Amino acid sequence: MSVKSLLLDLDGTLYIGNNEIPGAAAFVADMRAAGVQCLFVTNRSNRFPEEICEQLRGYGIACEPGDVVTSAQATARYLAPGRAYVVGEAGLEAALRDAGFTLCEENADYVIVGWDRGFTYEKLRVACNLIGQGAEFVATNPDKGINMEDGFWPGTGALLAAISTVCEKSPKVIGKPEPYLFEMAIAHSGLKADDVLAVGDYLETDIRAAVACGIRSALLLTGVSRREDLEKSDVQPDIIAENFKNLKAQILAC
């Protein structure tokens, strides 16, 4: 069964921080030359698609905003528009506004949490009070951390833990490992699920989401998960690759 489209994770898969993972640009170019569509699908909600494209182009990867699918976009599409208190950055706020949401600090229908490097005690207080008043608790993703060039940074999951501890509630998760982000990307590809392969570095988000969505997956051992993690995981990828050269060979052999 051939692969016609790749859903490529970003952090830990194509780059770490600002640094390209070796071979990423050549891999994307080779896949496209072989007639395989490449979409860039990220759990991070803080950036605009245009910003992501700029970073990828810096590595020599051709990219247009329409090639990018973010958890901010998926969250805005999944939820019915309403009043939302946002713990997050500009990319999430813009996606919600564009979808017809009103951003607010009181009388909220939703508390929507994404990666927020400006997270404060005051944001925690407001979020918890609004959830206590009945606002729906929503997370763009549950990622515990993000690999950056200077180490492992706390992710959205760290903020969710703080809010959940106070409210004693768990959020509705939109991004990976839930299937919604991949379902949106598949629809965007215009192809069938059988034609698609998800590529990521993390068993608990990328691979688990692929399984939930019913698509094939490839674990690239460049980021979070290691080969030994496979032994204790209840989800397994269809392909395991040490690097992009090995991944390319296995995909073309499908």
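**View 1. Lysine 248 and aspartate 30 form a salt bridge through their side chains, 3.0 Å from N to O.** A salt bridge here is a side-chain nitrogen of Lys or Arg within 4 Å of a carboxyl oxygen of Asp or Glu. The model is predicted: local features need pLDDT of at least 70, side-chain atom pairs count only at pLDDT 80 or more, and totals for chains, interfaces and linings use all residues. Residues are numbered from 1 along each chain as its sequence is written, and side-chain values use heavy atoms, with hydrogens and water left out. The two partners are 218 residues apart and link distant parts of the chain, with lysine 248 in helix 9 (residues 244-252) and aspartate 30 in helix 1 (residues 24-33). Helices (H or I, at least four residues) and strands (E, at least two) are DSSP runs numbered from the N terminus. Lysine 248 is partly exposed at 29% relative accessibility, and aspartate 30 is partly exposed at 32%. Buried means under 20% relative accessible area, exposed over 50%, and partly exposed in between (1.4 Å probe, protein chains only).

**View 2. A salt bridge joins the side chains of lysine 123 and aspartate 116, at 2.8 Å from N to O.** Aspartate 116 is buried, with a relative accessible area of 6%, whereas lysine 123 is partly exposed at 23%.

**View 3. Arginine 227 and glutamate 242 meet in a salt bridge of 2.7 Å, N to O.** Arginine 227 lies in the loop between strand 14 (216-220) and strand 15 (239-241), and glutamate 242 in the loop between strand 15 and helix 9. Both are partly exposed, arginine 227 at 40% and glutamate 242 at 43%.
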